[in-house]
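Dear colleague,

My notes on what was found in it follow directly after.

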Amino acid sequence: MNKFHSRLLVAIIILIIIVFLCMGFMLGQFISSLITNGALHETPVEQTVQQVWIALFVCLAIALIIILSLIVRITTTYTKPIDAATKAVNELAKGDYRARTYEDYVSTAGLLGQSINIVARNIEEMTKSYEMQHDRLHTLIENMGSGLLFIDSKGYINISNRSINEIFKIEQKDLLGLLYYEAFAHKEIVSLVEEIFMTERKLRRQIHLSVGNEQKDFEVYGAPIIGANVEWKGVVLVFHDISELKRLEQMRKDFVANVSHELRTPITSIKGFAETLLDGAMNEREVLQEFLTIILNESDRLQVLIQDLLNLSKMENKGFSLNLSRVNVKELLENSLRVLKSKAVEKDIQLELSVSDETIEIDGDLDRLKQVFINVVNNSLSYSPNGAKVSVEASALDDIIHIEISDTGIGIEENEIPRIFERFYRVDKARSRNSGGTGLGLAIVKHIIEAHEGTVQVSSKVGEGTTFTIRLKKNI
Ligand SMILES: Nc1ncnc2c1ncn2[C@@H]1O[C@H](COP(=O)(O)OP(=O)(O)O)[C@@H](O)[C@H]1O
Ligand SMILES: [Mg+2]
């Protein structure tokens, strides 16, 4: 029995004692009035009965007041907390886990409130930790680099992440709840999902998809999700975009094919002329001279090609480093142009050099930078007609040196410009080969400039000319 019960019992006992005391007191009064009044005045019996009634009413009234006050007290102690507890439980049922009720350590209702609050607090904590885990999982799924798709056992898409939306350029709301074969028109995906449903086995497959105007390659990993009771939950698909890898693989293949082709051409020519000479042509002195010259030129081309390939391969190696020193820009450009002077004279091209400040110096690898300017100016001479003009201008702006190589040559089409730095890419293959180029010159230029933390820019107009702008840091 708790405190409240014992208090209630005491109150009731007191109440009964009061009622009995009152009644005893009234009875005493009644008897004494009977004795005194009865003997002296002989009061009528009705009057005495009336007095008894009044006494009884007074007692009952006092008892009623006490009972009423007890009822009020019971209501405040029991009913109100129970109401509040009911309200709190209703709120909890609605999902508001912050709802709380009165607590006291006296009444049973108060203890009930206390227990409800503990339950509410626990539920709130559990909900918070569940929400945190859910958020973490959601963030992980949303931000993973690969596309993720979950298809339920009936074929409806249940989960898709941001990468999927980006890959297929579809909004999430247009995917969720759709059947996979309605959402994806690509038959490769549909057949992959069907295969997993049928075989119940994990699959890994490379697929090529056209998405909008783009062609993309994916490695798709698909797995059946089977629950603990061997019931089907669905299929999960993960899409890794391997387009870049494929592109690099293709580049490597192209490179090997290009090298083979570039090597085969001079070798075929050398072999052919040597055979013709051996077959008797060497007896004619003029033919001998002509063929040997061709053989020598072709050998030179082979040598340049092999040198360029070695240069590229050296630069692409991880251990490649520049042999840095302070380089005077004017001297660097003069030395580079000297090598090309005879070619300019031969083509009657005016080759001009202007350097705004003779003392400008940069941190650089002298030999590699010379290679850069020889390649770029050589291109200007090669891709300009006789009598054209080629100018090289150098100026310093703050910590950057700008070197512009301009020609009045054939120019390059806008869409070809980004490609000319690719290995073996030539705008006009025949013309380039005749000019003695290997198709590797600008690829080497780009490598060297980037190793110097510089940039190369090209602006050109077909028929008017081309300008290469090279920017290098004074200090690296
Ligand atoms: N100054 C220029 N004017 C016009 N076309 C150019 C110029 N420089 C380079 N190109 C184009 O860029 C291609 C790639 O140049 P490069 O890598 O030096 O190879 P190549 O051995 O063919 O000269 C050239 O084949 C040519 O089509
Ligand atoms: Mg070139």
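How many cavities of 30 Å³ or more does the structure hold? The structure holds one. Before the details, please note that this is a predicted model, in which local features need pLDDT of at least 70 and side-chain atom pairs count only at pLDDT 80 or more, while totals for chains, interfaces and linings use all residues. Residues are numbered from 1 along each chain as its sequence is written, chains are lettered from A and ligands numbered from 1 in the order in which they are written, and side-chain values use heavy atoms, with hydrogens and water left out.

The cavity

Helices here are DSSP runs of H or I with at least four residues, and strands are runs of E with at least two, numbered from the N terminus.

The axes of H7 (residues 243-278) and H8 (residues 285-316) come within 9 Å and cross at roughly 160 degrees; axes are lines fitted to C-alpha atoms over the stretch in contact, with angles from 0 to 180 degrees between N-to-C directions. The two helices are therefore roughly antiparallel, a term for angles over 145 degrees. The crossing of H7 with H8 is left-handed, meaning that the near helix is turned anticlockwise from the far one by less than a right angle. Their contact has 19 nonpolar, four polar and three charged residues.

The pockets

The largest pocket has a volume of about 1200 Å³; a pocket is an open set with protein on both sides within 12 Å along at least five of seven lines. Of its 45 lining residues, Asn378, Asn379, Ser382, Tyr383 and Gly437 lie nearest the centre. Elements that each supply at least two lining residues include H8, H10 (366-382) and strand E12 (465-473). The lining divides into 14 nonpolar, 20 polar and eleven charged residues.

The second largest pocket, of about 390 Å³, is lined by 16 residues, with Asp254, Asn258, Arg419, Glu422 and Arg423 nearest its centre. H7 gives the most to this lining, with eight residues. Nine of the lining residues are charged, four nonpolar and three polar.

Backbone points

Lysine 169, although not a glycine, has a positive phi of about 55 degrees. Lysine 169 sits in the loop between H4 (162-168) and H5 (180-183) and is exposed, at 52% relative accessible area. Glutamate 200 also has a positive phi, near 55 degrees, and lies in the loop between H6 (187-199) and strand E3 (203-211). Glutamate 200 is partly exposed, at 43% (buried means under 20% relative accessible area, exposed over 50%, partly exposed in between, with a 1.4 Å probe and protein chains only).

With kind regards

How values were computed: Angles under 35 degrees count as roughly parallel, over 145 as roughly antiparallel, 65 to 115 as roughly perpendicular and the rest as oblique. Ala, Val, Leu, Ile, Met, Phe, Trp, Tyr, Cys and Pro count as nonpolar, Asp, Glu, Lys and Arg as charged, and the others, Gly among them, as polar. On a 1 Å grid over the protein atoms alone, a cavity is a set of points where a 1.4 Å probe fits but cannot get out, and a pocket is an open set with protein on both sides within 12 Å along at least five of seven lines; lining residues have an atom within 4 Å of a point. Grid points are joined across faces, edges and corners, and a volume is the space filled by probe spheres set on the points.
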